[in-house]
Amino acid sequence: MANLLLNSRLSAKRILLLIGIIAGLQLAAHRLKFGEGYAYSSVHKEARDCGIPAEPMSSVPSLEEMATTVSPAVENDYDMKICDRFGESYNASQLPNAMKGMGHLFVVDKLQLLFCYVPKVACTNWKRILMILQGSLDIKRRVTHMEVHQRADRSLRTVAHLKPAELRKVMNYTKILFVRDPFTRLLSAYRDKLEKAGRVDSDRFRSRWSAKMASRTSADRARRQKNDVTFEEFADYLANPSNTLDIGEEEHWRPINRLCKPCAIKYDFVGRFEQLERDSRYALNDLLHSNFTGGLINSTNLTNSSDNALLDKYFSGLKLETLKGLYKRYQLDFELFGYQSLQQLVAELVKPSGNDKRTQGKESKPGIRS
């Protein structure tokens with residue numbers, strides 16, 4: 001009975017996700033013009049990830065045209081009591097120390113906004129939008145992925161070095177955070193930064209991290225010389241609690257609770273990557289009352305990491321011990337933002353083994369190795 005209920009919940013969740021994406025395609029898809037080219041919005045990417053064909057955008061409204069549209073209900077709260085269970089609660093006197101070194105929490109005075117960016121959760125898009133809104137980037141200017149990050153480092157300040165009086169002032173600002181399912185975020189980081197050679201950014205990551213993550217056996221010497229890292233090696237590294245993930249580049253797979261400290265800072269709105277178009281529009285129109293008329297730009301290196309079949313391909317080959325270690329590392333992110341429990345994940349990923357009596361005489365499927 002428990003398995004039946006669990007499967008029903010998972011099926012319902014997927015159905016609701018598909019319904020939300022279809023609604024997003026109907027209400028939020030829009031065309032963006034940059035010079036002579038056009039870019040599809042990220043909702044089309046999310047649709048492709050779920051196997052839904054994207055419709056042409058010749059007749060869909062822009063964000064400006066949708067400013068008068070009533071925004072759909074957005075679930076934006078999270079239960080701070082969960083923080084208590086993890087020993088992550090803070091009182092007012094601890095807040096200044098908790099915010100020290102928070103290099104991911106942008107302060108945009110013009111908007112009276114605190115925005116915490118999370119790598120692999122549309123952070124390039126949001127850095128670009130924030131620079132446009134504060135006037136440090138022309139909306140018509142075409143900028144590369146790397147240029148967005150370089151410009152943001154120069155023009156968007158963070159709370160990391162604010163004085164106590166300034167901290168007290170900005171804590172009255174609107175506070176926004178965007179989150180993503182931890183496992184799809186990890187897969188996106190792996191596929192973007194470590195899986196394939198040939199890009200300057202990924203080659204830099206591979207050369208630095210292969211020695212830390214890849215197998216050191218002599219049989220793998222040739223592979224290590226190419227800086228190859230398998231997903232299993234990547235997952236084993238993250239599942240090992242002795243790896244602190246404190247190095248700067250590890251922001252791409254560091255837990256959201258460590259980057260943005262949602263147990264110390266009560267965010268007014270938590271948007272979801274899974275509903276990026278809808279939640280971005282809500283944040284811009286309803287919360288910030290901005291006059292932003294652009295939209296989200298496509299990633300130049302799509303990883304399709306939200307695709308369920310792709311998730312199964314990478315995660316179902318992991319050892320059960322590794323999966324549990326990964327979940328423990330990101331457990332606060334999973335629970336605080338309402339993503340799946342470990343039991344649900346295991347139920348989805350673990351397949352019956354070939355020697356299971358229930359599968360004798362039937363073709364066995366790949367699954368998590370115990």
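Cys260 is buried (under 20% relative accessible area; exposed is over 50%, partly exposed in between; 1.4 Å probe, protein chains only), with a relative accessible area of 0%. Cys116 is also buried, at 1%. The two are joined by a disulfide, S to S 2.0 Å. A disulfide is a pair of cysteine sulfur atoms within 2.5 Å. The torsion about this S-S bond is about -90 degrees, so the disulfide is left-handed. Cys116 lies in strand E4 (residues 113–116) and Cys260 in helix H12, so the pair ties together parts 144 residues apart in sequence. Helices (H or I, at least four residues) and strands (E, at least two) are DSSP runs, numbered from the N terminus.

The model is predicted; local features need pLDDT of at least 70, and side-chain atom pairs count only at pLDDT 80 or more, while totals for chains, interfaces and linings use all residues. Residues are numbered from 1 along each chain as its sequence is written, and side-chain values use heavy atoms, leaving out hydrogens and water.

The count comes to 2 disulfides. Cys83 and Cys263 form a disulfide, S to S 2.1 Å. Its torsion is about -85 degrees, so this disulfide is left-handed. Cys83 lies in helix H3 (residues 81–85) and Cys263 in the loop between helix H12 (256–260) and strand E7 (269–272), so parts 180 residues apart in sequence are tied together. Both Cys83 and Cys263 are buried. In sequence order, the bonded cysteines pair 1-4, 2-3.

Helix H11 (residues 231–239) has 7 of its 9 residues buried, so the rest of the structure largely encloses it. Among them are Phe231, Phe234 and Leu238.
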